[in-house]
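Take a walk through this fold, one packing arrangement at a time.

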Amino acid sequence: MARIRTVKPSFWTSATVAALSREARLLLLGLISNADDDGRFPASVPAILGAVYPYDEDVTPAKLTRWLTELEKVRVVHLYRSGPVRYGVLP
C-alpha cells in the first residue's frame, strides 16, 4: 500500500522537472505517491494505469510509455526487470 508522501516546493522550480512535459510531471508525482520506502514501484503499464490513472480513459498505454521514457531520459526514474517483472525506482 502506498505511503503518504509530500512534495517539496522546489519540485516545481527544478530545471530537471521543468524540462518535462506537464503529463510527465503528473506521472512523476503519481509514481512518487505510490513508490515504497525505497522508491520502488511496479512499472508495468497496467500497474501504473491502475495506480495513477484509474479513471482517466484517455490515458493510453502509448501515452504512458512516452511519459515514462521522458522520465527515464532525465534520470528521475530508472526502469529495470527482475525476471519477467518490470519495476522502476526513483533514484
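Helices α3 and α4 are roughly perpendicular to each other, a label that covers angles of 65 to 115 degrees. Helix α3 spans residues 22-34 and helix α4 residues 45-52; they pack at an angle of about 90 degrees, with their axes 10 Å apart. Axes here are lines fitted to C-alpha atoms, for helices over the stretch in contact, and angles run from 0 to 180 degrees between N-to-C directions. Helices (H or I, at least four residues) and strands (E, at least two) are DSSP runs, numbered from the N terminus.

This is a predicted model: local features need pLDDT of at least 70, side-chain atom pairs count only at pLDDT 80 or more, and totals for chains, interfaces and linings use all residues. Residues are numbered from 1 along each chain as its sequence is written, and side-chain values use heavy atoms, with hydrogens and water left out.

Which residues of α3 meet α4? Leu27, Gly30, Leu31 and Asn34 do, against Ile48, Ala51 and Val52 in α4 (contact means heavy atoms within 4.5 Å).

Now the sheet. Three strands form an open sheet in the order β1-β3-β2, with antiparallel pairing. β1 and β2 stand at the edges, each with a single partner strand, so one side of each lacks a neighbour in the sheet. From one strand to the next, the twist averages 35 degrees.

Strands pair if DSSP finds at least two bridges between them. β1 (residues 40-42) and β3 (residues 85-89) have three bridges. Arg40 has Val89 as its bridge partner, and Pro42 has Tyr87. β2 (residues 78-82) pairs with β3 over five bridges. There, Leu79 stands opposite Gly88.

Conventions. Angles under 35 degrees count as roughly parallel, over 145 as roughly antiparallel, 65 to 115 as roughly perpendicular and the rest as oblique.
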